Amino acid sequence: MPTTTTMTAWQVRKPGPMETGPLQRVTTDVPRPEPSELLVAVHACGVCRTDLHVAEGDLPVHRDGVTPGHEVVGEVLEVGSEVGSAVEADAGAGFKVGDRVGIAWLRHTCGMCKYCVRGSENLCPKSRYTGWDADGGYAEFATVPAAFAHRLPRGYSDSELAPLLCAGIIGYRSLLRAELPPGGRLGLYGFGGSAHITAQVALAQGAEVHVMTRGARARELALELGAASAQGAADPPPVPLDAAILFAPVGDLVLPALAALDRGGTLAVAGIHLSDIPVMNYQRHLFQERQIRSVTSNTRADARAFLDFAGRHRIEVTTPEYPLGQADRALSDLSAGRIAGAAVLLV
């Protein structure tokens, strides 16, 4: 049980550009967990571009005054009365007070629709999300359904773990969607929090990685991590690509990314939001069985597979740190492209 009944949190009061101050810092009640939920003391929360989309209104409001944040690392303070039942245990829960736990983007699915039944719970029409449908981790405390909480790999600090819970998981699913062949050439468009983790996963699997991004520091980081090349966001890579992932939410980059693909290559679009895509030229961009695929959230199986991978392969996570009280500055820096790696709020 927490020793206080109130907490500091950030809420999206009026979505809009960061310079208009869409976030408001408030003192509010510590949330109470439902019978199937955990109450978590937040230690660290990653700063994701999806948080920026929620704050700036690129994503439609699902809950007025929502607290953003869905890359949460913390400690279980309270366990709901139904946690530990047979159903919860089958879902991979079984948490107890004092456990280190992760809260990610996907928060609820119905478990009964055709998508859930076939293992595609990321497509569930009744899915709900942390920091969009329910309050997230830009706060001192948060709740999570135990069946959607995650056990975390050892050997990482709280700050290093936080970005793994969305940037890492979504990047992992994007890599699966891109269908990179063994030993293939992978292009990454944009090199922020998710891309710099995904690059390391691909390199560990034997891929050759090429990075296209606007920031000079991001290009330096890409080369430091082992990328074969790094150039401007719309520049052609030095070799044809077998697969590519678009992380930057910029529709204009879809065309150069498709043009860079070799025959039969796949472009995966990783973001939940993308600006409009210009008119394509069929011969230049899609012919010879090139294809483009979207990425929609992730399944819990994706999350567990990636976190298991992170437990077996050390991932170096670049994490500029901000105190919780500077969440608005962190999102402003993200919006302005001033962050290399994946920023984290520390509580």
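1. Both Y172 and F306 are buried, where buried means under 20% relative accessible area, exposed over 50% and partly exposed in between, with a 1.4 Å probe and protein chains only. Their ring centres are 5.8 Å apart and the planes stand at 50°, so the pair is tilted. For the cut-offs: rings of Phe, Tyr and Trp (its six-membered ring) pair if their centres lie within 6.5 Å, with planes under 30 degrees apart counted as stacked, over 60 as edge-to-face and the rest as tilted. Y172 belongs to helix 5 and F306 to helix 10, so the pair ties together parts that are 134 residues apart in sequence. Helices (H or I, at least four residues) and strands (E, at least two) are DSSP runs, numbered from the N terminus.

2. A word on the basis of these points. This is a predicted model, in which local features need pLDDT of at least 70 and side-chain atom pairs count only at pLDDT 80 or more, while totals for chains, interfaces and linings use all residues. Residues are numbered from 1 along each chain as its sequence is written, and side-chain values use heavy atoms, with hydrogens and water left out.

3. How do helix 5 and helix 10 pack? Their axes are 9 Å apart and the angle is about 105°. That makes helix 5 roughly perpendicular to helix 10. Axes are lines fitted to C-alpha atoms, for helices over the stretch in contact, and angles run from 0 to 180 degrees between N-to-C directions. Angles under 35 degrees count as roughly parallel, over 145 as roughly antiparallel, 65 to 115 as roughly perpendicular and the rest as oblique. On the helix 5 side, G168, I169, Y172, R173 and L176 meet D302, A303, A305 and F306 of helix 10; contact means heavy atoms within 4.5 Å.

4. The structure holds 5 aromatic pairs. One of them is W105 with Y129, which is stacked at 4.8 Å centre to centre and 25° between the planes. W105 sits in the loop between strand 5 (100–103) and strand 6 (106–108), and Y129 in strand 7 (residues 128–129), so the pair ties together parts that are 24 residues apart in sequence. W105 is buried at a relative accessible area of 6%. Y129 is buried too, at 9%. Ring pairs link W105, Y129 and W132 into a cluster.

5. R300 sits over the ring of F148, 3.8 Å from its centre. R151 sits over the ring of F95, 4.2 Å from its centre. The criterion is NZ of Lys or CZ of Arg within 6 Å of the ring centre and within 35 degrees of the ring normal.

6. Helix 6 (residues 193–204) has 12 residues and should span 16 Å at 1.5 Å a residue; its end C-alpha atoms are 18 Å apart, which agrees. The expected span is 1.5 Å times one less than the number of residues. Is helix 6 mostly covered or mostly open? It is mostly covered, with 10 of its 12 residues buried. Among them are H196, I197 and V201. The buried residues pack against several elements, including helix 5 (167–178), helix 7 (216–225), strand 13 (241–246) and helix 10 (300–312). Just after helix 6, G206 takes a positive phi of about 95°.

7. Helix 1 (residues 49–56) is also mostly covered, with 6 of its 8 residues buried. These are T50, D51, L52, H53, V54 and A55. They pack against strand 1 (6–12), strand 2 (23–29), strand 3 (37–46) and helix 11 (327–335). G57 follows helix 1 and has a positive phi, near 90°.

8. Check the backbone at Q288 and E289. Most residues other than glycine have a negative phi. Q288 has a positive phi of about 65° although it is not a glycine. E289 also has a positive phi, near 60°. Q288 lies in the loop between helix 9 (282–286) and strand 15 (291–294), and E289 is found in that loop as well. Q288 is partly exposed at 28% relative accessibility, whereas E289 is exposed at 69%.

9. E321 lies in strand 16 (residues 321–323). It is partly exposed, with a relative accessible area of 48%. Leaving aside neighbours within four places in sequence, E321 is in contact with S159, V344 and L346.
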